[in-house]
Amino acid sequence: MKQFEDLPAKITHPADPAHELNLTDGVPFVCDGCKEPGCGPRYTHDYGSHSFDLHTCCALAKGTMRHPLFGDLAFEFRTKPPPPVDDTICDACGEAARGFVYHCSKKGGLDLHPCCASLPERILQDSRVFELRREASRSRPCGMCGEQSGRRRRFWAYRSNLDGEAMDIHVACMKEMARLSWQAAYQNRVGGGQIVQVSVSDMDRMLQSFPGNRARRSGLDKFVKIIGTVASIIIAVIFGNPVAMMAAIAGPGGLLRG
Ligand SMILES: [Zn+2]
Ligand SMILES: [Zn+2]
Ligand SMILES: [Zn+2]
């Protein structure tokens, strides 16, 4: 996988300056940078009783960045959000931001987990486009939770079309769903990029709430598969695994089966 090969095999990082960090893959982990769950490639130093782990996007974060959703606003990388740290949430996924963030002091303060900041602006899947938006629409239900109001609406969503009917998918919903399988895997310390994937039956169950015309059921089934693949890509990025972006689409255990 090209993106994995492009990463340096060893780095030194100010967060653990005494040790080289090695690029590795395997068990699910908690990133010691952003404090968020991870799965897939990571930079690590093994202390024996525990390890120091960083998402690759956290380890290789740039000093400043601009994000396509925020135009000219400049974000600055920080090892912690500015105080009060305990109140800080990621403006992409809506979850707590307690460690590494990209911070912008404008607009009342914006913070992004480094992995969330690396979500693709658009995903093309089976000739359908999913476009990243800063918030979900009031008039479109989320394809996963079925809600069109509530707290999650205020955070990032991917927008697409189902036979003329618009649909948003909350990034927060995908993260929450994947976190459940991540937690089980983390407790058992069993590994593999497969952990953070969405099964077609998961997706199907969640899409039951979509208020589409039942007569278009066959079209919906196809759309469920497409969303499943797109969700796998998004989840992989949120958990710090750009490799799975390709694997989820092409892999034998991927969502294109059946
Ligand atoms: Zn991280
Ligand atoms: Zn986030
Ligand atoms: Zn939702």
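The model is predicted, so local features need pLDDT of at least 70 and side-chain atom pairs count only at pLDDT 80 or more, while totals for chains, interfaces and linings use all residues. Residues are numbered from 1 along each chain as its sequence is written, chains are lettered from A and ligands numbered from 1 in the order in which they are written, and side-chain values use heavy atoms, with hydrogens and water left out.

## Zinc sites

Donors are N, O and S atoms within 2.8 Å of the metal (3.2 Å for Na, K and Ca); water is not among the atoms, so sites may look incomplete. Four donors count as tetrahedral if all angles lie between 85 and 135 degrees. The table lists the donors and their distances.

| Ion | Donor atoms | Distances |
|---|---|---|
| zinc ion (ligand 1) | Cys31 (SG), Cys34 (SG), His55 (ND1), Cys58 (SG) | 2.1 to 2.3 Å |
| zinc ion (ligand 2) | Cys90 (SG), Cys93 (SG), His113 (ND1), Cys116 (SG) | 2.1 to 2.4 Å |
| zinc ion (ligand 3) | Cys142 (SG), Cys145 (SG), His170 (ND1), Cys173 (SG) | 2.1 to 2.4 Å |

At the zinc ion (ligand 1), the four donor atoms form angles of 98 to 117 degrees, and the site is tetrahedral. Along the chain its donors follow the spacing C-x2-C-x20-H-x2-C. Buried means under 20% relative accessible area, exposed over 50%, and partly exposed in between (1.4 Å probe, protein chains only). His55 is buried at 0% relative accessibility, and Cys58 is buried at 1%.

The arrangement around the zinc ion (ligand 2) is tetrahedral because its four donor atoms subtend angles of 99 to 118 degrees. The spacing of these donors is C-x2-C-x19-H-x2-C. Cys93 lies in the loop between strands E8 (74–78) and E9 (101–104), and His113 in the loop between strand E10 (110–112) and helix H3 (114–117), so the pair ties together parts that are 20 residues apart in sequence. Helices (H or I, at least four residues) and strands (E, at least two) are DSSP runs, numbered from the N terminus. Both Cys93 and His113 are buried.

The site of the zinc ion (ligand 3) is tetrahedral, with angles of 100 to 124 degrees among its four donor atoms. Its donor residues are spaced C-x2-C-x24-H-x2-C in sequence. Cys145 lies in the loop between E12 and strand E13 (157–162), whereas His170 belongs to strand E14 (residues 165–170), so the pair ties together parts that are 25 residues apart in sequence. Cys145 is partly exposed, with a relative accessible area of 24%, while His170 is buried at 1%.

## Paired strands

Two strands pair if DSSP finds at least two bridges between them. Strand E1 (residues 10–12) pairs with E2 in the antiparallel sense over three bridges, and Thr12 stands opposite Glu20. E2 also pairs with strand E5 (residues 42–46), antiparallel and over three bridges; there, Leu23 has Tyr43 as its bridge partner.

Four bridges join E11 to the antiparallel strand E12 (residues 128–133). Two residues lie between the strands of this hairpin, in which Asp126 takes a positive phi near 50 degrees.

Terms used: Four donors count as tetrahedral if all angles lie between 85 and 135 degrees; four count as square planar and six as octahedral if opposite donors are over 155 degrees apart and all others between 65 and 115; anything else is irregular.
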